[in-house]
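Welcome! Take your time and look up each place as we come to it.

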Amino acid sequence: MNDLLNGPKCKSCGGSVRISEAEIRRLLEEMQLSESDMISETDYNSRLSICRACEHLEYNTTCSFCGCLVAIRAWIAEKHCPKPGFPKW
Ligand code: SF4
């Protein structure tokens, strides 16, 4: 099994907190976002870089404030970093 899919389990659902690139693509497709719902790849990579350096990122996948998978949240134009008072993006 891919190492990305091993590791800690979600406290709520018991699923793995790791997620593959293919799973991210599948989830984004299911959300049926339009182009205007999403940011550019450059901006997406910028957001993800901030998350990867953030002390509030858990398991290298999940924001500890909202419980979101940042690899998905960061694509969505209307979303922002949920850090209270000091959003990072
Ligand atoms: S969304 Fe904000 S608080 Fe959450 S991991 Fe990313 S930078 Fe950190």
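Where is Lys79 found? Lys79 sits in the segment after α3 (70-73). Keep in mind that you are looking at a predicted model.

**Following Lys79**

**How confident is the prediction?**
- The average pLDDT of the chain is 87, and 81% of the residues score at least 70.
- Confidence is highest in helix α2 (residues 41-52), at a mean of 98, and lowest in helix α1 (residues 21-31), at 91.
- Over residues 1-5, pLDDT stays under 50, and the model has 7 contacts for this stretch beyond four places in sequence.
- Where pLDDT is low, the predicted coordinates should not be read in detail.

**The nonpolar core**
- In soluble globular proteins, nonpolar side chains tend to be buried together.
- In this model, the largest nonpolar core is made of 5 residues, namely Cys51, Val70, Ala71, Ala74 and Trp75.
- Trp75 also touches Leu28, Met38, Ile39 and Tyr44, leaving aside residues up to four places away in sequence.

**Around the ligand**
- The residues around the ligand include four cysteines to look for: Cys51, Cys54, Cys63 and Cys81.
- Also around the ligand are Ile50, His56, Leu57, Phe65, Val70, Pro82, Lys83 and Lys88.
- By type, this shell divides into 9 nonpolar, 1 polar and 2 charged residues.
- Cys51 and Val70 belong both to the shell around the ligand and to the largest nonpolar core.

**Two backbone angles to look at**
- Most residues other than glycine have a negative phi.
- Gln32 is not a glycine, but it has a positive phi of about 50°.
- You can find Gln32 in the loop between α1 and α2, where Gln32 is exposed because 7 other C-beta atoms lie within 10 Å and the cut-off is 12 or fewer.
- Tyr59, which is not a glycine either, has a positive phi of about 60°.
- Tyr59 lies in the loop between β1 (57-58) and β2 (62-63), and Tyr59 is partly exposed, with 15 other C-beta atoms within 10 Å.

Technical notes: Residues are numbered from 1 along each chain as its sequence is written. This is a predicted model: local features need pLDDT of at least 70, side-chain atom pairs count only at pLDDT 80 or more; totals for chains, interfaces and linings use all residues. A residue is near a molecule or strand if its C-beta atom, placed from the backbone, lies within 6 Å of it. Ala, Val, Leu, Ile, Met, Phe, Trp, Tyr, Cys and Pro count as nonpolar, Asp, Glu, Lys and Arg as charged, and the others, Gly among them, as polar. pLDDT is the predictor's confidence in each residue, from 0 to 100. Helices (H or I, at least four residues) and strands (E, at least two) are DSSP runs, numbered from the N terminus. Two residues are in contact if their C-beta atoms, placed from the backbone, lie within 7 Å. A nonpolar core is a set of buried Ala, Val, Leu, Ile, Met, Phe, Trp, Tyr and Cys residues joined through C-beta atoms within 7 Å. A residue is buried if 20 or more other C-beta atoms lie within 10 Å of its own, exposed if 12 or fewer, and partly exposed in between; C-beta atoms are placed from the backbone.
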